[in-house]
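Me: Could you take a close look at the aromatic pairs in this one for me? I'm new to this, so please walk me through them slowly.

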Amino acid sequence: DFARHKMVVFVNPTEGIPFVSVSWPAMMGVVSGMNMEGLTVTLNAAEGPLNIEGRTPVSILARQIVQYASSIDEAVAIAEQTETFVSEQIFVCSAKERKTAVIEKSPDKMSVIISDNGSIALTNHYRSTSMRRAEPYVVSERRLQRTEQLIKRTGAIDVPTAVAILRDYKDTNDKALPVGSEEALCQFISHHSVVFNPDNLQLWVSTSPWQLGEYVCYDLRSVMEQQGVLGG
């Protein structure tokens, strides 16, 4: 039921940058979003210590980034100034800068990895050694290996290719994994699946079930123009 009731929310804030968020009713934060500056933000939960003190929910931090940041540096600055009580990987892409970054943040430390060639694979597995535990995350590491394998195999990635990767349920030997296996990219549990193209401010959002249904395209610029937010 949770995976069926999703929303695509277009926001024209009184302050900051207009943006779109893949969300659900009553959700004020952001888990997957893109703003009019061509900056995208997605969240990937990570293992780490919990803090019982009151701090900022990570979805609110993601909203602050998508609402106020127009560059990687601005996104990193917002993350540095915000204390959170869970560990998270914040994946940021800037179309204007042709860069992607992973902000890995826990209640007590933070690490930033920036790619100038636009390519970073992420599967809830810490990319920076300073954030990892002594023992490796076996399951998330296998998902990462499979993702990197598919990216290398396909080369240039268009929307259908990205969708195929998100629906993949095989291991690195191309053998089907058991249904619901945590080693699979597609575990048949996703609330939503989204493909962003920040170059043209478009996003494709999956319909149910999980990421197996039709992907529907939304155009952020077109919607904002229709609502009178932009001229044209």
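Reply: Let's start with a term we'll need: a residue counts as partly exposed when its relative accessible area falls between the buried range, under 20%, and the exposed range, over 50%. Tyrosine 169, at 38%, is therefore partly exposed. Keep in mind that this is a predicted model.

Now for the rings. A pair of aromatic rings is described by the distance of the centres and the angle of the planes. Searching the whole structure turns up three aromatic pairs. One of them joins phenylalanine 10 and tyrosine 218: the ring centres are 6.3 Å apart and the planes sit at 55 degrees, so this pair is called tilted. Phenylalanine 10 belongs to strand 1 (residues 7-11) and tyrosine 218 to strand 10 (residues 215-219), so the pair ties together parts that are 208 residues apart in sequence. Phenylalanine 10 is partly exposed, with a relative accessible area of 26%, and tyrosine 218 is partly exposed too, at 28%.

Back to tyrosine 169, which makes a tilted aromatic pair with phenylalanine 188: here it's 6.4 Å from centre to centre, with 45 degrees between the planes. Both residues lie in the loop between helix 4 (159-166) and strand 8 (194-197), 19 residues apart.

Definitions and conventions
Residues are numbered from 1 along each chain as its sequence is written. This is a predicted model: local features need pLDDT of at least 70, side-chain atom pairs count only at pLDDT 80 or more; totals for chains, interfaces and linings use all residues. Side-chain values use heavy atoms; hydrogens and water are left out. Rings of Phe, Tyr and Trp (its six-membered ring) pair if their centres lie within 6.5 Å; planes under 30 degrees apart count as stacked, over 60 as edge-to-face and the rest as tilted. Helices (H or I, at least four residues) and strands (E, at least two) are DSSP runs, numbered from the N terminus. Buried means under 20% relative accessible area, exposed over 50%, partly exposed in between (1.4 Å probe, protein chains only).
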